[in-house]
Amino acid sequence: MAEDAQSTNANHPRQAASPSPPPPAPVPLTPGPRASRLQQVFGQALARTLRANSYANFSGCFPTPAKHVPASLESVWRQLNAKLEESAKAEFDDILHERDAVRHLNELDRLVGEARHRRDNGQGESRVAPHTLTPDELYRAHLTPYLQEAQSSLNARIQATEAENAELAQHIQSQRAEIERLLSSLESIVADIEGAAAAASHFSKENDLRQEAFKMDEEVKARSEI
């Protein structure tokens, strides 16, 4: 039985395990295009700096030694430029080593190259077959552009309506202010009219009293004559 089981297991093909993805290729430490370009730019900048520190410019800063000991001054100038060039290159190399710039730039070159290769070969594009979509996804895919267009149009109309409402509200406020001003002026006019009416009524009463007094005076005079 054990032998039969072993033979049966041997006859069945074993399912091969899924292979693990290959490890990324090692990044070479030899400067690639970007690292080489960086070193080239640094070399050009350093050369321009050294050319700017020419002997004519250097000797112009020391006119007396340039006149009396020009050979010694030129030797100092050459030593200074050599020291400046040596120090700049050493510091640049230290920065490249400290930041591991060559390896990172080479890795960037590799990633850019792979991306261009996938783009040129049409890789990495996610295409979904329509028959694999659900009815809801198909429904949304067909209606989404129209809904977005309708929403944009509706938003534009809402903004226009809000602007019109703001303009109308401002116009109404100005009309209310004008009405309040007219009412205030009307109240002042009514007060003046009421004052004039009161004064006229008082004057009329005083005039009636005078007439009665005049009549009484005439009656008294008439009786005295009798």
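Buried means under 20% relative accessible area, exposed means over 50%, and partly exposed lies in between (1.4 Å probe, protein chains only). This is a predicted model, where local features need pLDDT of at least 70, side-chain atom pairs count only at pLDDT 80 or more, and totals for chains, interfaces and linings use all residues. Residues are numbered from 1 along each chain as its sequence is written, and side-chain values use heavy atoms, with hydrogens and water left out.

**Overall fold**

- The protein has seven helices and zero strands; helices (H or I, at least four residues) and strands (E, at least two) are DSSP runs, numbered from the N terminus.
- Along the sequence the pattern reads α-α-α-α-α-α-α.
- Of the 226 residues in the protein, 7% are buried.
- Take the contacts in the protein with a separation of 6 or more: 69% of them come from residues 24 or more positions apart. Contact means heavy atoms within 4.5 Å.

**Aromatic pairs**

- Rings of Phe, Tyr and Trp (its six-membered ring) pair if their centres lie within 6.5 Å; planes under 30 degrees apart count as stacked, over 60 as edge-to-face and the rest as tilted.
- The count by this rule is three aromatic pairs. One of them joins Tyr55 and Trp77, edge-to-face, at 5.6 Å centre to centre and 65° between the planes.
- That pair links distant parts of the chain, 22 residues apart: Tyr55 sits in helix α3 (residues 55-60) and Trp77 in helix α5 (residues 70-99).
- Tyr55 is partly exposed at 22% relative accessible area. Trp77 is buried at 14%.
- Why is the pair of Phe58 and Phe62 tilted? The ring planes stand at 50°, with the centres 5.2 Å apart, so the pair falls in the tilted class.
- Phe58 is buried, with a relative accessible area of 10%. Phe62 is partly exposed, with 37% relative accessibility.

**Ser59**

- Ser59 belongs to helix α3 and is buried, at 14% relative accessible area.
- A polar atom of the Ser59 side chain lies 3.1 Å from the backbone oxygen of Ala56.
- Beyond its neighbours within four places in sequence, Ser59 is in contact with Ala66 and Leu73.
- Ser59 and Trp77 are 18 residues apart in sequence, and their C-alpha atoms are 8.5 Å apart in space.

**Helices α2 and α6**

- The axes of helix α2 (residues 33-52) and helix α6 (residues 101-120) come within 7 Å and cross at roughly 135°.
- Axes are lines fitted to C-alpha atoms, for helices over the stretch in contact, and angles run from 0 to 180 degrees between N-to-C directions.
- Helices α2 and α6 are therefore oblique to each other. Angles under 35 degrees count as roughly parallel, over 145 as roughly antiparallel, 65 to 115 as roughly perpendicular and the rest as oblique.
- On the α2 side, Pro33, Arg34, Ala35 and Leu38 take part; they meet Val102, Leu105, Asn106, Leu108, Asp109 and Val112 in α6.

**Loop residue Asp100**

- Asp100 lies in the loop between α5 and α6.
- Asp100 is not a glycine, yet has a positive phi of about 55°.
- Asp100 is partly exposed, with a relative accessible area of 27%.

**Annotated segment**

- An unreviewed UniProt entry places the feature "coiled-coil region" at residues 158-185. UniProt positions are given in the numbering used here, feature names are shortened, and annotations may be inferred rather than shown by experiment.
- In the model, residues 158-185 are 100% helix and 0% strand, and the end C-alpha atoms of the span lie 40 Å apart.

Notes: Polar contact = N/O pair within 3.5 Å; in protein donor to acceptor, adjacent residues only side chain to side chain.
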